[in-house]
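Opening the notebook on this one. I'll jot down what I looked up, entry by entry.

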Amino acid sequence: RAMSSAPDTGGPARREMNPWVRLALDLGPLVLFFIAFNRFDIFVATGVFMVAFLVAVAASWLLTRHVPGMTWFSGALVLVFGGLTLWLHDETFIKMKPTILFAGFGLALGFATLTRRNYLKLLLGRAFDGLSDRGWALLQQRWALFFLALAAANEILWRAFPTEIWIHFKVWGDTLLTFLFMLVQFPLLKREGLKLD
């Protein structure tokens, strides 16, 4: 074993997941939420989403022996706000969950930037091999602002528009905006040393 390798902690070894499987686990619960809403209502959809999310987390653990910290945070919000939605029969809670999730991520990355730390690099360092420290700093700043913008958009949409509009944005709009945001970052990543091989 090379000297630079991480020490053996005695826990299960982390495995790499096929990107298509990762995409299916990330988007599957949202797609099932959308289908359940169209066939039933938001309360059935919330229950389906909670179960699908837990199944996705379990599958991620079984396949990689690892669940990211962001997923644990998101899962806690799903269970708490989804549970309140079903218990109180009030859709407000599940609508507020994305705001709190995105704001939490944005504020955490903003705090890291102000304190000259880089949480994003800790989470994604292996995925962006060769990226300079300046590149990581700029990327973290941009993600912080993007998450805060998503939080603001979610608040406006669920308060000002019908539930159907909010759900379409939550399932398709968030995903499309995130994909486009990632594409827009590509010139920065390339300029700051990202290895493309």
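This is a predicted model: local features need pLDDT of at least 70, side-chain atom pairs count only at pLDDT 80 or more; totals for chains, interfaces and linings use all residues.

Started with Val 48: leaving out residues up to four places away in sequence, Val 48 touches Leu 32 and Ala 36 (contact is heavy atoms within 4.5 Å). Leu 32 sits 16 residues away from Val 48 in sequence, with 6.9 Å between the C-alphas.

Numbering runs from 1 along each chain as its sequence is written, and side-chain values use heavy atoms, with hydrogens and water left out.

Placed Val 48 in helix H2 (helices are DSSP runs of H or I, at least four residues, numbered from the N terminus). I list Val 48 as partly exposed because its relative accessibility is 29% (buried is under 20% relative accessible area, exposed over 50%, partly exposed in between, 1.4 Å probe, protein chains only).

Moved on to helix H4, residues 92-114. H4 has 23 residues and spans 33 Å from first C-alpha to last, close to the expected 33 Å (1.5 Å times one less than the number of residues). Its buried residues include Ile 94, Leu 101, Phe 102, Phe 105 and Leu 109. Among the elements covering the buried residues of H4 are H2, H3, H5, H6 and H7. Just after H4, I found Arg 116 with a positive phi of about 60 degrees.

Last entry, Leu 183: I found Leu 183 in helix H7. Leu 183 counts as partly exposed because its relative accessibility is 47%.

Technical notes. Helices (H or I, at least four residues) and strands (E, at least two) are DSSP runs, numbered from the N terminus.
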